[in-house]
Amino acid sequence: MHRVTSSNNTSGSTRHRKEKRLTYVLNDHCAGINCLSVLKSAPPNGCDYLFTGSRDGTIKRWALNNTEASCSATFESHVDWVNDAVLAGNTLVSCSSDATVKMWNSLSDGACTRTLRQHSDYVTCLAAAEKNSNIVASGGLGGEVFIWDVDAALSPIAKPVDTTEDKISNGNDGHPLSSLCCSNADNNMSIHNSQSHGYSPIPAKGHKESVYALAMNDSGTLLVSGGTEKVVRVWDPRTGSKKMKLKGHTDNIRALLLDSTGRLCLSGSSDSMIRLWDLGQQRCVHCYAVHTDSVWALASTPTFTHVYSGGRDLSLYLTDLSTRESILLCTKEDPILQMALQDDSIWIATTNSSVDRFPAEVHNPQKIFQRGGSFIAGNLSFTRARASLEGSAPVPVYNKPYFTIPGNLGIVQHEILNNRRYVLTKDTAGSVKLWEITKGVVIEDHGKVSFEKKKEELFEMVSISAWFTADTRLGCLSIHLDSPQCFSAEMYAVDMNIPGAQDDVKINLAQETLRGLLAHWMAKRSQRKGSPISSNGDVATEKDVSIRNLSHSKLEVDDGAENSKSGMLPSFEFSTVSPPSIITEGSHGGPWRKKITDLDGTEDEKDLPWWCINCVLNGQLPQRENTKCSFFLLPCEGSTVPVITQGKLSAPRILRMNKVISYVMEKMVLDKPLDGGSSDATIVLGVSMTKTQVPSSGVKQSMKSWPKLMPSIDILCNNQVVSPEMSLATVRTYIWKKPEDLILNYKVVQTR
């Protein structure tokens, strides 16, 4: 399993974050499908449902009609990979790398009904009893196995729970499942372990290492588990007590099956072997060397006479458990992660985001063997590998599926561009796209081109503070905002093509992005209060105006925080057709995830980070670091122009060189008129003006009234003339290239 750091798992993080993070995710179901589950509907309806759980953190419900499949609901609450999903009656139970188990009404519109936070690490697998919809077991990387009473977990709250207790122990009070009750009604809160606070699951204690596979018999009286310990453990799920331990595999156990009675058990392992165990005899009765690599998924016919198996070798096999006859049904382009049987067909999930359906002849598998091409499975793991190397690999029965539910293409490579608004991505098909993350949209699809060459083509010599981080571990772009770092980037509005913006108007990228993300939330919040959104929370009409004068000793430009004027720029508009999802947490409960259009306005500081609320509603930004740049402004060596500053200057990082030029002009022309005889000085001396003659509008207006001879100032860094459009940060990054304070030189040149 791909080991990643969950967004809510700060305990394992190498960097301490004082504030809660806000993440927004663009696109969904664009990563590998980890799990499948089929819900058979009653005859009048005639519509079966397929549930697919993705590595992007979402579950989708597909309505199946003959050769058609339509997405009828998206279940979105997990903040990391969905690793498994099972059905307990009409209750859908899912588990995730976010260390939670979640319960949903499988026929609802996708609302989570309960979140259970008992596990200490990734939850990797689930098991349900076919004929007992009240029992579900969960296992994870922490070596924990819990047996849940579904009814008790879903029961209404009995009394208030102290939601600040987010972590719970793994103990159990020993009561049978039927006597347990729940005390938690909030689907984002934890279930506590003590009987005084409510319901606790039954722990099956014994695993010392990670658990990757679980299975239960139909009645829920027997549970088997396996993982990195290479043994199959057998439990009584009613009490959590051990029954036996079965040894034989030489590598991790990745898949388990039990027959309806609980007498026979099938196991698939990373040692490439499938083993059949007789639990009554407590021994392995058959070994099947079918695969050439790890076995990750198993499914059996209802009579438990044949097994379908798939895994890392990209192959799906059907094996007769009694005769050992095996046949290759199909090969895939990606490793097979999970399978689900529906009527006489089988659904296949892989590390690709699409799901395929193949014929399986579930009720009469012998029909497939009659096609020919079968072989007898050996009982040693090297048997199939040797046959494959010798060129005797079997020919698949099916070359392609007869039906496919296509998924979105996952992103496998990304690069944040220098302007800190665009991200270049490459998907699994090799298509390169350019995203504008402040709107959450693709602004250009470059097709199948070289990612590195396109990155070079799009290079800009600009330096903007890194205000966000990004990753693609969910198969899509996840943009992370951390306070106060995210508020470090500002841009001039004219550079973002904001209509009607003045030259000096600046915007804070994180602030405007947050307003765009939470625009729906603010509108709903205003409707609930029955009053229009206040001016400082209006997402449509405000401007951040910078009004500060140049002093004689220091360059000062409004930093956009302490002295920002009332009003703000229009929020960046995110799509409501394909809206992004936000992942975050507040002061209570754990992390949660929702589409921005599903926010109903009731969310407050218990759900959202306070710094987000303070930003969008009050326009207040936290104290920020590294927003200013220190530099020296000196005449060029050998120039006769006077020294106009004493000591170090400081200005915002985004200050353009044309502002520095204006400052130099003002100081030279208005403060200290030159009376020397140099060629540099004659241009300035050609204008007989004093400070009192300068119009109140400043240097620019006074320059308009000058005669034809008008001075031109060049700013140099490292003896290189810099463009007036460059910012201080850009000059420091690409021209100065030193850790010491920036040194700028100025000189007067002939009129252009």
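## A buried arginine and its partner

R656 counts as buried because its relative accessibility is 10%; buried means under 20% relative accessible area, exposed means over 50%, and partly exposed is in between, using a 1.4 Å probe and protein chains only. This is a predicted model, in which local features need pLDDT of at least 70 and side-chain atom pairs count only at pLDDT 80 or more, while totals for chains, interfaces and linings use all residues. Residues are numbered from 1 along each chain as its sequence is written, and side-chain values use heavy atoms, leaving out hydrogens and water.

R656 forms a salt bridge with E725, and the closest N and O atoms are 3.7 Å apart. A salt bridge here is a side-chain nitrogen of Lys or Arg within 4 Å of a carboxyl oxygen of Asp or Glu. R656 lies in the loop between β42 (649-652) and α8 (657-671), and E725 in the loop between β44 (720-721) and α11 (728-736), so the pair ties together parts that are 69 residues apart in sequence. The helices (H or I, at least four residues) and strands (E, at least two) are DSSP runs, numbered from the N terminus.

## Other salt bridges

How many salt bridges does the rule count? The count comes to 22 salt bridges. One of them joins K20 and E585, with the closest N and O atoms 3.6 Å apart. This pair links distant parts of the chain, 565 residues apart: K20 is in the segment before β1, and E585 is in the loop between β39 and β40 (592-595). K20 counts as partly exposed at 37% relative accessibility, whereas E585 is buried at 12%.

R233 and E229 also form a salt bridge, their closest N and O atoms being 2.9 Å apart. Both R233 and E229 are buried.

## Aromatic pairs

A pair of aromatic rings is described by the distance of the centres and the angle of the planes. Rings of Phe, Tyr and Trp (its six-membered ring) pair if their centres lie within 6.5 Å; planes under 30 degrees apart count as stacked, over 60 as edge-to-face, and the rest as tilted. By this rule there are 10 aromatic pairs. In one of them, the ring centres of Y24 and F574 are 5.7 Å apart and the planes are at 80°, so the pair is edge-to-face. Y24 sits in strand β1 (residues 22-26) and F574 in the loop between α6 (519-529) and β39 (581-584), so that distant parts of the chain, 550 residues apart, are linked. Y24 is buried at 0% relative accessibility, and F574 is buried at 9%.

F75 and W104 form another edge-to-face pair, with 5.5 Å from centre to centre and 85° between the planes. F75 belongs to strand β5 (residues 68-76) and W104 to strand β8 (residues 101-105), so the pair ties together parts 29 residues apart in sequence. F75 is buried at 1% relative accessibility, and W104 is buried at 1% as well. Ring pairs also link F51, F75 and W104 into a cluster.

## Backbone details

Which residues does a cis peptide bond join? The bond joins S483 and P484, with omega about 5°. P484 is in the loop between β36 (477-481) and β37 (490-492).

Q282 has a positive phi of about 55°, although it is not a glycine. Q282 lies in the loop between β20 (274-278) and β21 (283-288), and at 49% relative accessibility Q282 counts as partly exposed. D343, also not a glycine, has a positive phi of about 55°. D343 is placed in the loop between β26 (336-342) and β27 (345-350) and is partly exposed at 42% relative accessibility.

## Two buried valines

V641 lies in the loop between β41 (628-635) and β42 and is buried at 5% relative accessibility. The C-alpha atoms of V641 and Y746 are separated by 8.6 Å, while the two residues are 105 residues apart along the chain.

V82 is found in strand β6 (residues 82-88) and is buried, with a relative accessible area of 0%. The C-alpha atoms of V82 and S94, which are 12 residues apart along the chain, are separated by 7.0 Å.
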